Amino acid sequence: MHGPASPGWLLVALCAATGAYCLLRMRSGDERQRRAAGGEALMGFGMAVMAVPAAAFTPPGWAWPVYAAVFGAAALRALWAARSDAHHLHHLVGSSAMVYMAVAMASPAAHHSPDHADAGAAHGGSGVPLLTGALLLYFAAYVLVSGVRLLPAADGPAGVVAWGDRPELARACRLSMGIGMLAMLLTM
């Protein structure tokens with residue numbers, strides 16, 4: 001992504017740690033949780049790779065279309081899964097946002113500016129494109145709602161829950177990926 005290296009590496013660390021935790025959640029005994037965790041692990045690691053600062057590594061030209069294809073397939077899978085579970089609609093939006101960012105990074109205009117700091121050049125105009133703005137609003141709302149859901153409930157602990165099945169950690173995982181997505185969209 002475009003932008004300073006230090007925040008980029010922090011975003012890489014956040015997304016990679018989130019992806020790793022989601023891999024741990026895949027060991028859950030609950031089938032729905034395992035499926036959701038798999039998609040979230042793909043998203044976390046994909047965001048980590050995309051967030052690597054351009055000064056450290058510039059992917060070859062073929063990487064962005066491959067990236068778009070992988071997340072396009074993830075978006076189709078989320079669309080199919082959304083028939084039975086509305087939670088997958090968020091996965092659909094997230095995967096579609098990743099496709100959008102990969103396509104934007106693959107466009108020749110994305111490489112127009114030597115320091116990649118001109119976000120308007122990457123989209124052929126000035127300012128924030130409509131789709132980027134809509135995604136920013138969606139993820140800002142998602143982050144706010146997810147943050148409120150992390151507030152502790154009045155009920156005490158119901159019992160011992162396995163590390164990968166802790167709902168508050170899964171929510172924190174989704175919250176951190178939402179924050180990461182906001183940061184990536186802002187640096188486009």
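At 5% relative accessibility, Cys173 counts as buried in this predicted model. Cys22 is buried too, with a relative accessible area of 0%. A disulfide is a covalent bond between the sulfur atoms of two cysteines.

**Overall fold**

- The protein has six helices and zero strands.
- Along the sequence, the pattern reads α-α-α-α-α-α.
- The protein has 188 residues, and 41% of them count as buried.
- Among contacts in the protein with a separation of 6 or more, 74% are between residues 24 or more positions apart.
- The accessible surface of the protein is about 10200 Å², and carbon and sulfur atoms account for 70% of that area.

**The nonpolar core**

- The largest nonpolar core has 36 residues.
- The residues with the most contacts inside this core are Met47, Met50, Met98, Met101, Met181 and Leu185.
- Two or more residues of this core come from each of these elements: helix H1 (5–25), helix H2 (31–51), helix H3 (63–81), H4, H5 and helix H6 (167–186).
- Leaving aside neighbours within four places in sequence, Leu185 is in contact with Met101, Thr132, Leu135, Leu136 and Phe139.

- The whole structure holds four aromatic pairs, according to a search.
- The ring centres of Tyr138 and Phe139 are 5.0 Å apart and their planes are at 85°, so this pair is edge-to-face.
- The rings of Tyr138 and Tyr142 have centres 6.3 Å apart and planes at 20°, so this pair is stacked.
- Tyr138 and Tyr142 are four residues apart in helix H5 (residues 130–149), so about one helical turn separates them.
- Tyr138 is partly exposed, at a relative accessible area of 29%.
- Phe139 counts as buried, at 2% relative accessibility.
- Tyr142 is buried, with a relative accessible area of 15%.
- Trp64, Tyr67 and Phe71 are linked into a cluster by ring pairs.

**A charge over a ring**

- Arg83 lies over the face of Trp80.
- The distance from Arg83 to the ring centre of Trp80 is 3.7 Å.

**A buried serine**

- Ser95 is found in helix H4 (residues 88–106).
- Ser95 is buried, and its relative accessible area is 5%.
- Apart from neighbours within four places in sequence, Ser95 is in contact with Met43, Phe71, Ala74 and Ala75.
- One of these contacts, Phe71, also belongs to the ring cluster with Trp64 and Tyr67.

Methods
Residues are numbered from 1 along each chain as its sequence is written. This is a predicted model: local features need pLDDT of at least 70, side-chain atom pairs count only at pLDDT 80 or more; totals for chains, interfaces and linings use all residues. Side-chain values use heavy atoms; hydrogens and water are left out. Rings of Phe, Tyr and Trp (its six-membered ring) pair if their centres lie within 6.5 Å; planes under 30 degrees apart count as stacked, over 60 as edge-to-face and the rest as tilted. Buried means under 20% relative accessible area, exposed over 50%, partly exposed in between (1.4 Å probe, protein chains only). A charge sits over a ring if NZ of Lys or CZ of Arg is within 6 Å of the ring centre and within 35 degrees of the ring normal. Contact means heavy atoms within 4.5 Å. A nonpolar core is a set of buried Ala, Val, Leu, Ile, Met, Phe, Trp, Tyr and Cys residues joined through side-chain atoms within 4.5 Å. Accessible areas come from the Shrake-Rupley method with a 1.4 Å probe; for residues, only the protein chains shown count as cover.
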